[in-house]
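Here are my notes on the model, point by point. Have the coordinates open while you read.

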Amino acid sequence: MLAFLTSIGYESWVLPTLLALPVAAALVIVLHGSASKGEGTGGLDDAAAMFPRRITLFTFLLEFVVSIGLWWVVAPGETGFRAVVDLPWIRTWGIRFALGVDGISAMLVLLTTFIMPLVVLGGWTSVRTKLHAYHALMLILTSGMLGVFMARDLFLFYVMWEVMLVPMYFIIGIWGGARRLYAALKFFIFTMVGSLLMLVAILYLGIKAGDPATGIPNFAFDQIFAAAAQTPQGGINLSWFGIFLPGSTLLFLAFFSAFAVKVPMFPFHTWLPDAHVEAPTAGSVILASIMLKLGTYGFIRLAIPLFPTAAMSPGMRTGIIILAVIGVIYGSLVAMVQPDFKKLVAYSSVAHLGMVMLGLFALTRESVQGAMMVMIGHGLSTGALFLLIGMIYERKHSREIAAYGGIAKVVPVFATLLTIVALSSIGLPGTNGFVSEFLVMVGSFKTYPYMTTISALGVILAAAYLLWALQRIIYNPLDKRDNEHLTDLNWREIGLLVPVLFAILWLGLYPKPVLARMEGATTSFVRRVEAGASQRAASLPRGAR
Amino acid sequence: MLLQEATRLSHPLSGSIAEWVWLIPLLPFIGFLINGWLSITSAAHVGPKDPSAAGHDAAGHADDHGHDSGGGAHGDDHHAVVRHRYAGIVSVVGPAVLLLSFGLAVAIFMAMLGVSREAPFVRTLFSWIPAGDLHVDAALQVDPLSMVMTLVVTGVGTLIHLFSVGYMQDDPGYPRYFAYLNLFVSFMLVLVLGASYPVLFVGWEGVGLCSYLLIGFWFTDKANADAGKKAFIVNRIGDFGFLIAMFLMFANFGVLDFVGVSAAAPGAGFNSALVTTICLFLFLGCAGKSAQIPLYVWLPDAMAGPTPVSALIHAATMVTAGVYLIARSAFLFSLAPVAQLTVAFVGGLTALFAATIGLKQWDIKKVLAYSTVSQLGYMFVGVGVGAYTAGIFHLVTHAFFKALLFLGSGSVIFAMHRAYHATHNHDDAQDMRNMGGLRRYMPVTFILMWIATLAIAGIPVFAGFFSKDEILGAVFARTHESTLSEVSWLGIPGGSLLYLIYAMGLAAALLTAIYMTRMMLYTFHGPNRSGEKEQSHLAEAPWIMTGPLVVLGVLSLFGGWLNLPALLPLGPVGALEHWLEPVVGSATNAVTRGPHEPAHSTELALIGAAVAIAALGIIIALVRLKPDRLVPKAQAPEEQGFERVLLHKYYVDELYDRVIVRPTVWISRNVLATGVDEGIIDKLLVTWVGAGIPRLFGWFGSRLQSGQVGTYAWVLLIGVIAVLGAFTFR
């Protein structure tokens with residue numbers, strides 16, 4: 001396979017192609033949209049409405065096919081970046097169009113290209129208005145997300161980070177539920193405030209890494225890392241509080257603010273339930289499956305390795321781990337009492353992502369591998385949960401758990417699939433959920449035994465909130481008359497969930513191929529941060545004096 | 001890795017039929033796939049292409065679904081009895097896969113007979129979780145202990161599957177039932193065959209899942225769904241302990257497979273804090289799965305499932321997994337006497353406590369449920385005092401006689417239900433007050449259940465006598481000259497604690513004899529209270545159900561032969577002990593400081609005491625209880641005083657609900673969700689911090705509804721293209 005890929009020069013064009021295809025498709029759709037003025041029903045019989053659906057689905061399928069080659073490019077044992085493209089972009093600012101993937105980002109790229117066709121299919125009939133704009137925005141959003149995972153230039157990273165923010169704002173704000181404006185704004189403000197602080201830090205680092213002679217900054221990852229490695233002399237001396245915040249800590253906090261909101265970490269999570277509840281199915285799935293991972297990806301790619309001393313200083317590290325563990329327990333407890341199924345799953349995301357943060361900051365090879373597996377696995381199982389909620393919502397127009405009950409009798413296929421997906425979210429062995437959480441905890445226990453023990457209580461709570469919800473939705477007496485006429489899933493819906501089920505079981509039963517592909521990148525992450533933290537921790541007292 | 005491979009190839013079982021051990025769990029799994037597929041395809045009506053547009057044309061479908069509801073042998077719906085259209089093929093596939101597994105297990109057992117069994121044969125299938133220093137293989141372990149368990153699971157499992165063919169015959173969820181049951185056996189076999197803690201855990205949680213699905217099998221009844229959920233969540237509390245134990249092992253030993261941990265564990269030191277902690281966390285897992293104090297509360301509720309499920313999962317196999325886990329971890333427990341005493345004490349306490357509740361239950365399955373909890377306590381006493389063979393021995397004999405008791409009660413319920421169904425009576429088919437005198441209508445079941453009752457009571461020559469006696473004897477022997485007698489437990493000298501445990505064991509034996517005799521008296525003796533009309537419909541169940549009962553009856557009679565004491569050499573002495581020696585022998589000897597032969601006079605006295613106690617219990621029940629004075633449930637007066645406390649199971653469920661469940665939900669709802677989340681965080685971040693920003697972006701939102709979305713998409717697209725394209729044109 002690799003020989004074939006080399007023969008077609010795969011590595012030289014794959015990443016730019018993945019970015020360009022959705023933009024091109026969006027252009028076609030927008031052009032078609034301006035040409036066809038007639039407002040149809042938006043249903044399956046509306047030819048004008050089918051055009052954007054089909055083009056988008058085709059584009060995403062093509063994206064998936066194109067991206068599949070990365071599986072062989074990033075072979076097991078690979079540690080460095082592959083499929084690298086590095087072109088000058090804005091010379092006067094020293095900004096480059098630099099892309100590349102390692103084991104970590106390649107798996108997230110594949111997750112994205114795997115999920116997106118399913119997202120389009122999931123909203124196939126539920127979105128019936130302004131279909132052209134809807135699909136164009138989704139395509140651009142995809143380019144943005146892929147760009148974040150691929151970027152090897154800090155400025156490009158930031159551009160992509162913002163590119164994906166805007167379409168999501170519109171997707172929630174236009175196709176969302178009753179309180180969509182509030183939710184969209186909340187989403188926008190939370191993420192924007194965080195990102196602006198990061199922008200300041202990015203500019204600072206870029207200038208520092210630049211050529212002092214010409215004054216042209218440099219944002220290439222390698223240069224930025226070199227620049228960040230030199231301990232900044234300055235800092236803020238909060239002598240009132242007896243705290244000295246060194247420059248690296250301030251920079252870390254700037255990145256932290258952007259990523260922690262996105263993850264979302266407790267207590268910056270309150271935008272997420274609102275955004276999830278109000279967003280259309282596609283928005284919820286993309287948010288849960290991919291966008292939240294951009295936050296944790298930011299930590300593993302930038303925030304932690306850039307500033308290992310700051311990130312791994314005892315106070316910061318313990319503080320973040322405490323927040324992560326609070327997220328696990330708090331998210332689960334709050335999820336348990338939500339009357340709205342979407343909100344319940346949203347809070348469960350807070351818990352799962354808390355697990356990722358625990359794994360990353362516990363900094364063992366097992367826990368970081370586990371954190372990556374949670375990121376992928378949560379993308380699959382929570383994405384599938386939102387897809388399923390969307391399907392039943394399309395029939396009943398209610399997300400209230402209390403509106404259902406006993407529907408396993410009427411919609412057995414839906415009930416079966418919902419059960420399997422929920423079990424994977426609970427972390428039942430044999431599904432991805434177990435492998436990933438087990439790895440996080442077994443690894444984190446080595447460095448933070450007590451915190452890990454507390455987080456393991458989440459295992460109990462996860463069963464409590466999801467099984468309780470499951471019972472109230474598909475079991476119990478079928479006591480609401482209108483539920484007797486619910487229709488079961490159709491072939492499109494079954495067909496789009498089957499690949500997710502396969503992935504869930506595959507990652508649960510034979511995760512080795514994925515683990516092996518990430519091993520190199522995660523190991524070098526752990527080694528780099530350990531080395532950075534210890535080396536500079538030793539030199540810090542001198543600098544601080 | 002290479003070394004492992006070399007050891008494997010030099011193993012005497014290498015190249016033998018044991019290489020195919022993976023087929024044992026796989027066969028039931030294939031059964032699950034087939035039955036599951038038949039279940040879902042027969043129930044499904046694929047929805048319309050456009051669910052949004054649907055809603056009107058779909059209304060007609062609902063009637064088709066009506067028949068696929070809960071009910072069956074247990075429900076009270078009066079639909080016409082129609083067998084499921086795939087009932088034929090399911091009835092073949094379901095039991096057949098089990099029988100094949102059993103056959104393969106027997107073949108491997110035969111292969112093991114002739115060769116050295118000192119080292120376990122580990123069959124590695126593939127690398128499951130390799131990450132960092134952690135290497136967990138998907139590997140199965142063939143050794144004497146795992147084979148005993150495999151034979152019990154597949155053997156008793158086959159019988160219960162056959163029984164189910166009759167018991168569930170009219171249930172509309174017939175294929176679903178067998179799918180779950182097959183899946184259960186598959187996970188149970190992974191549990192007993194797994195070669196490492198994580199693989200065992202796969203089975204451990206998997207059987208929990210199947211238990212959940214089967215308890216809530218008739219899910220349209222909220223009580224059943226509640227019971228299933230409760231079982232899963234309480235089990236998860238135990239699983240938390242199991243997980244922590246694994247984390248501790250990995251952090252300190254660096255491995256998680258049985259061979260590796262058993263090699264590394266002695267390095268941690270005898271009676272060290274580490275080993276004690278690991279063992280106590282493991283025992284928390286056992287307490288969940290095997291329904292010990294304080295986590296036993298789920299098992300009585302689990303009786304909501306179909307009765308064969310109660311027999312297979314909640315008596316014979318799954319609930320004994322905790323006992324198996326301790327025997328499997330004997331190398332750890334024998335290093336941790338304090339943890340061992342904890343296990344034995346909790347076991348003894350549970351045995352006694354559950355037995356008292358069993359005295360006052362009216363539901364025939366509830367009696368058996370508390371009896372199971374109590375007998376599991378016995379097993380923990382056994383493995384707790386380091387008498388691993390005795391614990392496993394009781395596990396095996398209990399599997400025989402308790403499966404028989406449950407299936408027998410299933411036959412009774414089946415008969416009662418049929419009678420009530422025929423006469424359109426809505427009385428409780430499981431309440432013993434509605435039974436009575438059934439020996440006239442069901443003579444075979446009557447005789448077989450008496451055999452099982454005598455076995456569980458500990459009357460000589462029946463299976464339970466030998467195993468129970470061996471446990472009590474071991475407790476008594478450990479009070480002197482053992483590692484257990486030399487440590488103190490919460491300030492109590494180990495020796496004294498063991499005497500107390502012995503006393504609790506004896507007391508529980510007395511109560512067991514009483515409540516079991518009570519159950520038999522009320523069910524089979526005295527006058528019949530089912531009602532005049534119903535009596536003509538009461539009859540023995542079909543042969544497919546009675547047949548397995550007969551086999552279990554024989555096993556309950558002769559199961560004791562597996563491990564005869566030297567005092568009663570009716571056959572080969574100590575066969576099971578000899579068989580399990582390679583696995584638990586050294587761990588047992590570590591506790592007793594070498595093999596001891598207790599004085600024959602002491603042993604005779606102990607046996608005499610146990611038999612006298614059992615006989616006394618039966619006599620008390622026969623003399624004191626008057627089945628002819630009972631009245632049917634509907635006319636029965638309410639219990640008063642302590643009887644009422646017993647009937648309500650000491651109000652422990654209510655206590656847990658008030659102290660744990662409700663406060664957790666209340667705090668989550670009122671403090672966390674509305675207080676912290678919506679109150680503090682949102683108010684702080686959104687209202688104060690973000691106060692200015694919404695105004696800044698306000699225009700954004702205000703224009704969203706104006707319908708000019710096309711324009712926005714255009715603007716955005718052009719912006720993106722401009723930015724991305726900039727480098728191309730530079």
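The points below go from the overall picture to single residues.

1. Ground rules first. This is a predicted model, so local features need pLDDT of at least 70 and side-chain atom pairs count only at pLDDT 80 or more, while totals for chains, interfaces and linings use all residues. Residues are numbered from 1 along each chain as its sequence is written, with chains lettered from A and ligands numbered from 1 in the order in which they are written.

2. Chain B in outline. Chain B holds 29 helices and four strands; helices (H or I, at least four residues) and strands (E, at least two) are DSSP runs, numbered from the N terminus. Of its 730 residues, 57% are buried. Here buried means 20 or more other C-beta atoms within 10 Å of the residue's own, exposed means 12 or fewer, and partly exposed is in between, with C-beta atoms placed from the backbone. Among the contacts in chain B with a separation of 6 or more, 82% come from residues 24 or more positions apart. Two residues are in contact if their C-beta atoms, placed from the backbone, lie within 7 Å.

3. The contact between the chains. Chain A puts in 93 residues and chain B 81 residues. On the side of chain A that touches chain B, helix α19 (residues 449–474) gives the most, with 11 residues. That side of chain A divides by class into 59 nonpolar, 21 polar and 13 charged residues. For the classes, Ala, Val, Leu, Ile, Met, Phe, Trp, Tyr, Cys and Pro count as nonpolar, Asp, Glu, Lys and Arg as charged, and the others, Gly among them, as polar.

4. α6 against α12 in chain A. Two packed helices are described by the angle between their axes and the distance between the axes. Helix α6 (residues 131–150) and helix α12 (residues 281–306) of chain A have axes that come within 10 Å and cross at roughly 20°. That angle makes α6(A) roughly parallel to α12(A). Axes are lines fitted to C-alpha atoms, for helices over the stretch in contact, and angles run from 0 to 180 degrees between N-to-C directions. Under 35 degrees counts as roughly parallel, over 145 as roughly antiparallel, 65 to 115 as roughly perpendicular and the rest as oblique. From α6(A), A:M138, A:L141, A:M145, A:V148 and A:F149 meet a set in α12(A) that includes A:I286, A:I290 and A:L294. The residues of this contact of α6(A) with α12(A) are 11 nonpolar, no polar and no charged.

5. α15 against α18 in chain A. Helix α15 (residues 341–362) and helix α18 (residues 432–447) of chain A pack at an angle of about 40° with axes 9 Å apart, and are therefore oblique to each other. In α15(A), A:M355, A:L358, A:G359 and A:A362 meet A:E437, A:V440, A:G443, A:S444 and A:T447 in α18(A). This contact of α15(A) with α18(A) has four nonpolar, four polar and one charged.

6. α17 in chain A. How far should the 15 residues of helix α17 (residues 412–426) of chain A span? At 1.5 Å a residue the answer is 21 Å, and the end C-alpha atoms are 21 Å apart, which agrees. The expected span is 1.5 Å times one less than the number of residues. Since 13 of its 15 residues are buried, α17(A) is largely enclosed by the rest of the structure.

7. Glycine in a helix. B:G285 sits in helix α10 (residues 273–289) of chain B and is buried, with 27 other C-beta atoms within 10 Å. Beyond its neighbours within four places in sequence, B:G285 is in contact with several residues, including B:G238, B:A245 and B:L325. B:G285 and B:N235 are 50 residues apart in sequence and 7.7 Å apart in space, C-alpha to C-alpha.

8. Backbone spots to check by eye. Cis peptide bonds join A:F266 to A:P267, with omega about 0°, and B:I293 to B:P294, with omega about 5°. B:N271, not a glycine, has a positive phi near 60° and is partly exposed, with 15 other C-beta atoms within 10 Å. B:K649 is also not a glycine and has a positive phi of about 55°; with 20 C-beta neighbours inside 10 Å, B:K649 counts as buried.
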